[in-house]
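Good morning, everyone. Please have a look at the model on the screen while I talk through how its parts meet.

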Amino acid sequence: MKKGDKRCHSSEQIISKLREAKVHLAQEMTIPLMCKKLGIHQQTYYKWRREYGGLRMDQAKRLKELEKENARLNKLLAESELDKAILREAASGNY
C-alpha cells in the first residue's frame, strides 16, 4: 500500500492533513514542497482536496456512513435480483 493511499488514512487524518496543507499554502509554500512535508504524493493531495476539501469532521464521518450503507443496500439489491432470476428460470422449466 502506498504511503498517501486513502486506505492508510482515516477521514479525520485526511481532513487534518488538508487543514495543515492549507496553512502551508497560506505561508506561500509550493504544492510539491507542502506534499513532501506532509508525506503524500501530489496526486493524492488533489484527490483528497476534491473529495474532502470543504468537509468538516462530522460531515466526513456521515459521508463514510452513507457510503457504507449504500454499498450494503447495493449488495442486497444484487442478491435479490439474482434470486429473482433463479426463480424465473426455475419457473420456466429451463434448468
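This is a predicted model: local features need pLDDT of at least 70, side-chain atom pairs count only at pLDDT 80 or more; totals for chains, interfaces and linings use all residues.

Residues are numbered from 1 along each chain as its sequence is written, and side-chain values use heavy atoms, with hydrogens and water left out.

Helices here are DSSP runs (H or I, at least four residues), numbered from the N terminus. Axes are lines fitted to C-alpha atoms over the stretch in contact, and angles run from 0 to 180 degrees between N-to-C directions.

How do H1 and H4 cross? The axes of H1, residues 11-26, and H4, residues 57-92, come within 9 Å and cross at roughly 140 degrees. That makes H1 oblique to H4, given that angles under 35 degrees count as roughly parallel, over 145 as roughly antiparallel, 65 to 115 as roughly perpendicular and the rest as oblique. In this contact, meaning heavy atoms within 4.5 Å, Ser11, Glu12, Ile15, Ser16 and Arg19 of H1 meet Met57, Ala60, Lys61 and Lys64 of H4. By class, these residues divide into three nonpolar, two polar and four charged, where Ala, Val, Leu, Ile, Met, Phe, Trp, Tyr, Cys and Pro count as nonpolar, Asp, Glu, Lys and Arg as charged, and the others, Gly among them, as polar.

H1 also packs against H2, at an angle of about 140 degrees and with the axes 10 Å apart, and these two helices are therefore oblique to each other. From H1 the contact takes Lys17, Glu20, Ala21, His24 and Leu25, and from H2 it takes Ile31, Met34, Lys37 and Leu38.

H2, residues 31-38, in turn meets H3, residues 42-52, with axes that come within 9 Å and cross at roughly 90 degrees, so H2 and H3 are roughly perpendicular to each other. Ile31, Pro32, Met34 and Cys35 of H2 make this contact with Gln42, Tyr45 and Tyr46 of H3, and its classes are six nonpolar, one polar and no charged residues.

Finally, H4 is followed by Gly93, whose phi is positive, near 80 degrees.
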